[in-house]
Each structure stands twice: as C-alpha cells, then as structure tokens.
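Dear colleague,

I am handing over the structure below, and my notes on its salt bridges and nonpolar cores follow it. Please read them alongside the model.

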Amino acid sequence: MKKLSALILFIAATCSGVFAQSNYVKENFTKKDVYITMRDGVKLFTSIYTPNDASKDKKYPIMMQRTCYSIAPYGETKYPGQVGPSKYMMQEGYIFVYQDVRGRYKSEGTWTNMTPVIDNKKSKTDVDEGSDTYDTIDWLIKNSVGNNGRVGQWGISYPGFYTAAGILSNHPALKASSPQAPISDFFFDDFHHNGAFIESYFFTFPVFGVQKTDTTTKAWYQNTMFNPGTKDGYQFLLDLGPLKNADKYYKDNFFWQETVNHPSYDEFWQKRGLLKHFNKVKPAVMLVGGWFDAEDLTGPLAIYKTIEKKDPSAYNTIVMGPFGHGRWSRETGHTMHSNVYFGDSIATFYQTNIEQKFFNHFLKGKGDKNSGLPEAYMFNTGKNEWRKFDKWPATEATHVKFYLNADGKLADAAPGATGNTTFVSDPMKPVPYTEDNTTTMGFTPFNYMSEDQRFAGRRTDVLVFQTDVLTDDVTLGGEIMANLKVATTGTDADWIVKLVDVYPADEPNNPYMPNKNIILSNYQQMVRSQIMPARFRNGFEKAVPMVANQKTDVNFHLNDVLHTFKKGHRIMIQVQSTSFPLYARNPQKFVENPYKAEASDYQKATHTVFNDSFIDVEVLK
C-alpha cells in the first residue's frame with residue numbers, strides 16, 4: 001500500500017513540522033541525541049536541537065513535541081528542513097526537543113493507544129504520558145545547555161493528545177501548552193463518532209495495532225499492511241461485508257481486537273479519555289483546531305470547554321481556523337478546503353499573529369495573563385474573516401429552533417399539525433459519504449467536510465429540509481443540538497444530521513478550485529455533520545434497542561460552528577442513516593456487538609422523521 005505509506009509519512013511530517021526548506025537547521029542548531037530514563041527505568045529516545053549560540057549567558061526556552069509518528073531523521077549528523085511549529089518560531093530562537101513516546105521507534109517500552117491517566121500515582125511503576133512528560137522536562141531543565149527554565153509543548157493530532165496529556169504533568173517549568181487537533185477520547189474522535197465506527201480508518205490499523213520487537217528507525221508495522229487490489233474504498237469495504245470478516249486481515253492486530261471487543265463506552269474506553277482529569281491547570285493553554293478537520297474536531301472544543309468548566313481561573317484559550325486536519329502548520333498560499341476558498345496566507349497569519357505571540361509571551365515575555373490574545377480567536381467560514389470573543393460560546397448568542405417540516409421546509413416556527421417524512425434505508429446500498437472515490441483509500445478522510453452535498457440530497461434515502469432564500473445574513477455561532485423524533489420498522493438505526501449552506505444559482509466559481517468539473521452554482525457546502533447511533537440514545541455505556549414503529553427521541557450534539565449563511569443563500573438540513581464507508585453500516589437489526597453481526601442481520605428498514613423534530617442552533621447578531 002504505497003499510497004497509504006506515503007500518507008503516513010506526510011502525517012508524520014505535518015505533526016513534527018518537518019518540511020524541507022534549506023540548510024537553516026544544520027547551520028544554526030546543534031543536534032544531540034539522548035536517551036532519557038523515566039522513573040520506571042524505561043528509556044525514551046530524544047533529539048535536542050540547540051541554537052549554536054546558547055550558553056549560560058544567552059538562554060533560550062525549550063519547545064517540546066512528543067510523538068508516536070517518528071522523530072526522523074535519526075542520527076546527530078542528520079537534520080530536518082525545519083524544526084518547531086513554523087519557520088517563524090524556528091527563526092525566533094528556541095531549543096527544540098522531539099521525543100519518540102514509549103513503545104515507538106527508538107524508544108523502549110510498550111506502546112499503548114491513548115495511555116490511561118493515573119491521577120494518584122503510588123509507585124514508580126505508575127506511569128502515564130503525564131509522568132513521562134514530567135520526567136522528560138525535569139531532565140531537560142537540568143541538562144540542556146542554555147535553557148531559561150521555561151518549557152512549551154505543542155503537537156498536532158496524536159502529538160496533540162500527548163501535549164494535552166502533558167498538561168497533567170504539573171511540572172512547574174511547563175509554562176505554555178498548545179494541543180492542536182488533539183484527540184480527547186477515541187470513542188468520540190478519530191476511530192469513532194459518538195461510538196459509531198469510522199470504517200474509513202480501516203486501513204490505518206497496522207499503524208496503531210502492532211507492537212515492535214526492538215528499538216528501530218523503520219516503520220515495523222508495514223509488513224502487516226495488505227494490498228486491497230483496488231483504488232475504490234467504497235466497493236472494497238462493501239464487498240468485505242460484516243465487520244467480523246476483517247479478522248482475516250487483523251486477527252493479530254491488538255488495537256483492532258480491542259475495538260471489536262469493546263463496542264460500548266465501557267471502562268476500556270473511559271479510562272483512556274482525558275476530559276475528566278483536567279481539574280487544576282497550571283500552564284497557559286491554547287487549543288487549536290480546524291473547522292473542517294475530519295479527524296479531530298471534537299478534541300479541541302471538548303478540552304477547551306472542560307477546562308473552562310473545571311478550572312475557570314486557568315489561562316485557557318481556543319483558536320479555530322478554516323482548515324482541515326493540521327493544515328495551519330503549513331502555508332498553501334490560497335487557503336482552500338475541498339472546493340471552498342477562504343482567503344490567502346491564513347496559516348501565516350495564524351503562525352505569526354497567534355501561535356508565535358502565544359509562545360513568546362509565556363516563554364520569553366512576562367508570562368502573565370495579559371498576552372494580547374483573545375479568549376477565542378475564531379474564523380467565520382461564511383464571511384471569511386477572523387473574529388475575537390471573550391467567551392465561547394459567545395454570551396450574546398440566542399437560541400433558535402429550526403423544525404423539520406413534513407413538506408421539506410426548515411422553519412423557525414413549530415408546525416401547526418402533526419406530520420412526518422419517511423425513507424427506506426438499505427444497508428446493502430448505503431449512501432456514499434463522498435463523490436470523490438479517489439479519497440476512499442487514504443489514511444483518513446479529508447475533503448468531505450466541506451464537499452458539495454447535491455449527490456446525497458438527490459437520493460431517496462436522504463431527507464432534505466431547507467429555508468426559503470435568506471433575505472438577510474444569518475450567522476450561526478456556537479453549539480448545535482439535533483433533537484430528532486424518529487421511528488423505524490427495525491430495532492436499531494444510525495441518524496446522521498448535516499448542516500448545509502446552499503449557494504445561489506448565480507454563484508461564480510472561485511479561481512483556485514482544484515476540480516474544474518465542480519460548479520459553485522447551487523453548491524451545497526457541508527458546514528457541519530454528525531452521526532448518532534440510536535442504540536446509545538440513553539447513554540454510551542449501554543446499548544439499548546429501539547422498539548419497532550415507536551416514536552423515539554434521539555438527541556445529540558453536532559460540533560460547534562461559526563458560519564454566516566449569506567443573503568441569497570439557504571440553510572439546509574439533510575437527514576440520513578448511512579454515509580459509507582465513512583461510517584460502518586448499522587445492521588438495523590439490534591445486535592449486542594455490531595462488530596460481530598452476521599450478514600443476515602443487515603436488513604432494510606423504513607425510517608420516519610416526525611415534524612416536531614428540530615435543530616437547536618445559536619445565532620449571533
């Protein structure tokens with residue numbers, strides 16, 4: 001799977017900020033490779049890049065990233081093209097530190113996905129990412145030449161998780177932490193959304209579910225990757241059939257087996273969640289995310305809100321830009337997501353006016369709460385402009401309910417009479433999540449988060465509700481809650497809600513569109529979407545079947561949004577039950593463990609959406 005391997009290398013580069021530029025790093029930094037011993041004796045491989053002029057008289061802060069994706073290039077004579085979150089930070093002057101986490105590449109120990117947090121450590125064998133962060137910082141402060149005693153940490157995606165977990169280290173030298181696109185809980189990010197399995201991640205399991213046998217600089221898991229013999233992920237995964245058939249590929253993959261054997265939010269997943277541990281936060285925190293992040297949109301929002309609630313005195317801020325996963329870490333010039341253009345040099349603006357300002361203040365400057373940055377720096381993806389807030393969600397937002405009327409209208413008034421809309425959901429002919437089949441075999445999905453939804457809305461198994469043409473701009477800013485009143489002839493179902501911006505017929509194409517076969521005339525841009533398995537409507541810990549033909553409440557949050565639906569546009573809601581192969585198919589017959597369902601369990605069902613269903617949104621003036 002050469003394409004997948006290339007994508008893995010790209011993600012590793014994105015996470016570590018390694019992009020070929022020049023010999024700047026080699027000319028300006030001295031590299032040192034060391035093993036740092038953790039409290040339980042495990043040694044973690046660490047590369048330290050120190051400015052050449054660092055000394056006891058000229059000191060620099062330390063910027064650290066811990067990753068499971070390799071800290072290549074290995075060897076003290078080999079230098080990357082860039083160190084740090086951006087070239088601006090690199091040129092600003094910091095000591096940059098990269099570390100392979102335990103069980104990965106050149107580090108010792110056993111690899112664990114989303115290492116469980118141990119709040120009350122009673123012995124040296126009680127270790128987690130917080131203790132490994134603490135021990136690493138402690139060693140660096142005592143042994144790194146020319147450091148000023150202040151440490152910052154950053155990371156994107158899985159390194160974002162290690163950054164967020166590092167906050168819990170409580171090391172006094174850790175002054176600034178920026179988890180970027182962090183995973184907060186694998187039951188709600190990355191591999192699951194609200195417990196629904198993200199089947200488009202199917203090809204990634206070798207990366208996360210194979211233990212290495214010795215320290216290595218090579219990707220030891222590559223020999224467990226398989227060649228599917230096709231470039232069509234939709235067809236391959238449909239032909240795979242029930243998820244139980246995946247054992248022929250992943251019988252010995254420990255992470256796949258863990259996933260299969262824990263279909264509900266049981267202790268296995270709960271102890272891997274970070275949110276319940278953020279009680280007292282010492283370093284300054286800046287969460288960073290992308291509004292169109294197909295992998296980890298939940299994490300930054302959830303961690304930010306949790307810290308706000310549990311420790312309101314903490315310096316805790318959030319930045320959300322018009323980006324896909326991690327794309328704020330590199331400048332593309334014209335900032336695009338799928339076919340949508342948001343402006344020029346937005347990543348550079350973030351890197352120089354937000355990220356660099358944050359770290360400089362807390363690691364080089366006064367380090368007080370007067371950083372000059374707002375509580376929330378949020379990009380409006382409809383107006384294409386940054387907006388500052390002193391609280392998120394904004395206090396001035398007002399709640400509006402949009403009802404799903406039986407005539408297809410999306411109305412802000414409750415219906416006067418009872419009505420409903422029905423559709424037949426067939427798991428053997430699931431709705432595709434994208435029209436672009438070239439994206440269905442990659443590491444993870446990407447473009448679908450802002451793709452044109454006309455292909456879906458024209459199917460009979462997708463319900464469409466939309467407003468009249470807007471006579472004024474309408475800005476949705478804050479949380480979204482779907483309150484569905486539904487029924488099914490089966491005993492289980494997934495419910496997918498999509499918020500869509502319908503462009504006017506005279507909308508011109510932007511000059512940077514990557515796909516010349518797409519037109520923005522009547523474009524249906526997905527703004528936000530989420531899935532909710534009905535089996536978890538009463539709680540994620542225990543699955544409960546639906547009662548056939550009984551009206552049932554299925555309520556769930558979509559992730560936050562800041563988007564202006566412009567005058568002349570329409571607001572649309574689409575409701576469906578399949579979105580394949582993004583989400584695994586629900587058999588629609590209740591089974592205790594969907595990963596072990598038989599082919600015969602997959603059944604057609606007629607779904608009903610009643611017209612007292614509504615979507616609760618927050619509107620900003």
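**Salt bridges and cores**

Glu 129 has a relative accessibility of 3% and therefore counts as buried, where buried means under 20% relative accessible area, exposed means over 50%, and partly exposed covers what lies in between (1.4 Å probe, protein chains only). This is a predicted model, in which local features need pLDDT of at least 70 and side-chain atom pairs count only at pLDDT 80 or more, while totals for chains, interfaces and linings use all residues. Residues are numbered from 1 along each chain as its sequence is written, and side-chain values use heavy atoms, with hydrogens and water left out.

The partner of Glu 129 in a salt bridge is Arg 66, with the closest N and O atoms 3.0 Å apart; a salt bridge here is a side-chain nitrogen of Lys or Arg within 4 Å of a carboxyl oxygen of Asp or Glu. Because Arg 66 lies in strand β3 (residues 60-67) and Glu 129 in helix α4 (residues 129-143), the pair ties together parts that are 63 residues apart in sequence; helices (H or I, at least four residues) and strands (E, at least two) are DSSP runs, numbered from the N terminus. Arg 66 is also buried, at a relative accessible area of 0%.

Helix α4 also holds Asp 138 and Lys 142, which are 4 residues apart and so separated by about one helical turn, and their side chains meet in a salt bridge of 2.9 Å, N to O. Of these two, Asp 138 is partly exposed at 22%, whereas Lys 142 is exposed at 63%.

A further salt bridge joins Glu 396 and Arg 387, whose closest N and O atoms are 4.0 Å apart. Salt bridges that share partners join Asp 40, Arg 66, Arg 102, Glu 129 and Asp 132 into one network, and a search of the whole structure finds 20 salt bridges.

As for the nonpolar cores (sets of buried Ala, Val, Leu, Ile, Met, Phe, Trp, Tyr and Cys residues joined through side-chain atoms within 4.5 Å), the largest has 162 residues, and those with the most contacts inside it are Tyr 158, Phe 202 and Trp 495. The largest share of this core, 8 residues, comes from helix α12 (residues 346-363). Apart from it lies another core, of 17 residues, including Ile 36, Ala 54, Ile 62 and Ile 95.

Best regards
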